[in-house]
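Welcome! Please open the structure in your viewer and follow along, one selection at a time.

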Amino acid sequence: PTPPPAFFLEAARATTRACFPPWPAQRADGCFYMNPGQSGLDRPGLAEWLARIGAAPLFMVHDLIPITHPEYCRPGEPERHARRLSLMLKSGRGVVSNSAATMQDLERFAADHRLPLPASVVAPLAPAALAFDPAEPPPLPHPYFVVVGTIEPRKNHLLLLQLWRELVARHFGPHAELPDLEVDRILRLGMGTYPGGVPNLVNMA
């Protein structure tokens, strides 16, 4: 069904509020601006916009891999990530990290660039408790393990596949056939992925 005319009017108003600089009536004093994914933090003018609206920015940092291991990332990504981190540190009222190791990397980056570290906390990501019924048959008829995430060099899946090959050879002999990989059902290609995709990644292992 076609949306009512009022829908398009409200959509136009929302788009206008999102795209134009805030007027005094659009101040967000006492509110929080939360960015849990690092996306868009290298956009020009974001720091000034946050200062104008008066919101308290809270950021989440997932990793500093483009800084610590640039060889696994796309060209230009280290510079973009440095801009993201600098904005977090200069504009943020608080920073959440997904691990103690990431927080240590962020502290090192802040010290190296002489930037202040806002109030920070480590909050490891974890799923909710998974329902498990021992009476249910397993998803696959043979032993398996699951890796969740995009396939890209910085995730170092190549090492995981090499270990998988070594475990099979150790327990079933050097000429044992490797079990099929169900990578196409769980994983998807990510940033700066391997040339040739998943099949080439498996051959590299």
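**A tour of the chain**

Begin with the protein chain as a whole: among its contacts with a separation of 6 or more, 70% are between residues 24 or more positions apart. Keep in mind that you are looking at a predicted model.

Now switch to a cartoon view. You can find eight helices and six strands in the protein chain. Trace them from the N terminus, and the order of the elements reads α-β-α-β-α-α-β-α-β-β-α-α-β-α.

Next, show the surface. The protein chain exposes about 14,000 Å², and 62% of that area comes from carbon and sulfur atoms. What share of the 205 residues counts as buried? The figure is 29%.

Time to visit a buried residue. Select residues 77–91, which form helix α4, and pick out R84 within that helix. Is R84 buried or exposed? R84 has a relative accessible area of 12%, and because buried means under 20%, R84 counts as buried. Now display what surrounds R84: setting aside neighbours within four places in sequence, R84 touches Q38, L41, D42 and E77.

For a contrasting stop, select V148. You will find V148 in the loop that runs between β4 (119–122) and β5 (150–151). The relative accessible area of V148 is 73%, so V148 is exposed, the cut-off for that being over 50%.

Together with V148, Y144 and V146 make a nonpolar surface patch of about 320 Å².

Note on methods:
Residues are numbered from 1 along each chain as its sequence is written. This is a predicted model: local features need pLDDT of at least 70, side-chain atom pairs count only at pLDDT 80 or more; totals for chains, interfaces and linings use all residues. Side-chain values use heavy atoms; hydrogens and water are left out. Helices (H or I, at least four residues) and strands (E, at least two) are DSSP runs, numbered from the N terminus. Buried means under 20% relative accessible area, exposed over 50%, partly exposed in between (1.4 Å probe, protein chains only). Contact means heavy atoms within 4.5 Å. Accessible areas come from the Shrake-Rupley method with a 1.4 Å probe; for residues, only the protein chains shown count as cover. Patches are made of residues with over 30% relative accessible area and no salt bridge: like charges are joined within 9 Å, nonpolar side chains (Val, Leu, Ile, Met, Phe, Trp, Tyr) within 5 Å. A salt bridge is a side-chain nitrogen of Lys or Arg within 4 Å of a carboxyl oxygen of Asp or Glu.
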